[in-house]
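Hi,

Here is the structure you asked about. Have a look at it first, then read my notes below.

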Amino acid sequence: MITTALSEAFGQYTLKPHQIIPLDFHSVDTLPETHVWLPPPGFEVENNDAGDGQLVFPVPVIDFSDPDEAAAGKLMVEACETWGVFQLVNHGIPLEILAAVEAQTKRLFALPASRKLEALRSPNGVNGYGQARFASLFDKNMWNEGFTVMGSPADHARKLWPDDFQGFCDVIDDYQNRTRELAARLLGLILRSANTPEQEIRRISSPSATMTTLQLNSYPRCPDPTRAMGMAPHTDTSFLTLLYQGGVKGLQIFSDRAGGGGGGWGMVDPVDGAITVNVGDLLHVVSNARFHTARHRVVLREARQRVSVGLFFVPTPDCVLSPLACGGGGGEGEVCRYRAVSVKEYIGLKYKGFETVLSAITK
Ligand SMILES: O=C(O)CCC(=O)C(=O)O
Ligand SMILES: [Fe+2]
């Protein structure tokens with residue numbers, strides 16, 4: 001039912017096959033013209049204090065093993081206000097499970113292109129194999145392929161491995177359940193630490209008001225990495241995104257404070273075993289812009305494949321969101337920055353306006 005509601009939201013933006021089917025990356029040894037991005041990503045020297053495209057941002061690393069949850073919550077609020085991103089260690093998801101999900105992700109993308117195409121996402125669907133859904137908004141193609149899971153991965157996994165799909169499903173289900181639980185806990189803690197009333201927290205983050213999508217990404221080894229784009233700049237349409245980056249660098253965020261105040265890109269270098277957490281547009285909206293929706297992209301920095309696994313924790317399509325501060329949810333007297341919007345409507349606006357979507361709901 002939820003996938004139907006989302007397909008309806010996407011329905012106005014039905015994709016053509018060439019917007020869904022990724023390049024057969026194994027088949028090329030030079031960068032095709034269709035995949036050349038200029039200016040080269042991450043090499044905008046003027047935006048870069050180090051001058052070599054390798055600036056690393058000191059995004060907070062937060063330890064979640066501390067029994068004093070309130071202290072961690074306070075650090076999370078600060079990170080959400082400044083960077084919109086933090087890395088979480090001792091998050092309770094065993095390292096073997098992270099390794100297993102990474103191994104299954106690599107196993108999937110190592111399949112021959114013809115087999116992956118058996119599990120291709122449908123033109124207005126959510127689940128399955130394909131380019132990032134927002135790829136259709138750009139003239140050039142990104143250097144990535146993805147696999148999206150909402151609910152059970154079984155139908156698509158069966159097409160990938162007709163006789164051997166259970167192992168993949170078990171790992172994905174387990175990871176999705178654990179990260180969903182963690183995301184709900186983090187959202188509750190962040191909102192509580194920001195003095196949001198308990199009934200508001202329950203209303204927007206209860207299991208019946210939220211759902212998750214898991215996104216497996218692969219950035220294959222690229223023959224010309226400085227002229228290709230792993231994933232184009234975007235913000236996530238989520239409350240929170242929990243990303244496992246594996247060990248390969250590539251994720252960058254944009255900060256207004258970098259580049260001598262003019263703004264610039266910097267790496268979020270993966271910390272071993274950490275989960276990178278970022279604020280999405282919808283938490284930015286309910287926080288009345290107190291939390292920063294992290295604009296991010298992926299550049300190709302290492303001469304090897306990179307994989308990542310993102311868990312998007314989102315309100316269900318029919319939820320109507322507005323800044324909590326203006327609905328009696330704390331922060332009395334604050335000027336309300338955004339009008340109320342349903343998640344379904346927001347998704348529609350995002351595909352129309354993309355990076356300018358927030359101005360469409362600004363009061
Ligand atoms: O691969 C990454 O590090 C980021 C992926 C991402 O931004 C996404 O899937 O929305
Ligand atoms: Fe993202």
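**Helix packing and the iron site**

Helix 7 (residues 166-193) packs against helix 8 (residues 198-205) at an angle of about 150°, with the axes 10 Å apart. Helix 7 is therefore roughly antiparallel to helix 8 (angles over 145 degrees count as roughly antiparallel, under 35 as roughly parallel, 65 to 115 as roughly perpendicular and the rest as oblique). Leu187, Gly188, Leu191 and Arg192 of helix 7 touch Glu198, Ile201, Ile204 and Ser205 of helix 8 (contact means heavy atoms within 4.5 Å).

This is a predicted model: local features need pLDDT of at least 70, side-chain atom pairs count only at pLDDT 80 or more, and totals for chains, interfaces and linings use all residues. Residues are numbered from 1 along each chain as its sequence is written, chains are lettered from A and ligands numbered from 1 in the order in which they are written, and side-chain values use heavy atoms, with hydrogens and water left out.

Next, helix 4 (residues 95-109). Its angle to helix 7 is about 130°, with the axes 10 Å apart. That makes helix 4 oblique to helix 7. Among the residues that meet are Ile97 and Leu98 in helix 4 and Phe168 and Val171 in helix 7.

Which residues coordinate the iron ion (ligand 2)? They are His234 (NE2), Asp236 (OD) and His296 (NE2), at 2.1 to 2.3 Å (donors are N, O and S atoms within 2.8 Å of the metal, or 3.2 Å for Na, K and Ca; water is not among the atoms, so sites may look incomplete). Their spacing in sequence is H-x1-D-x59-H. His234 is buried, at 6% relative accessibility (buried means under 20% relative accessible area, exposed over 50%, partly exposed in between, with a 1.4 Å probe and protein chains only). Asp236 is buried too, at 5%.

Best wishes

How values were computed: Axes are lines fitted to C-alpha atoms, for helices over the stretch in contact, and angles run from 0 to 180 degrees between N-to-C directions. Helices (H or I, at least four residues) and strands (E, at least two) are DSSP runs, numbered from the N terminus.
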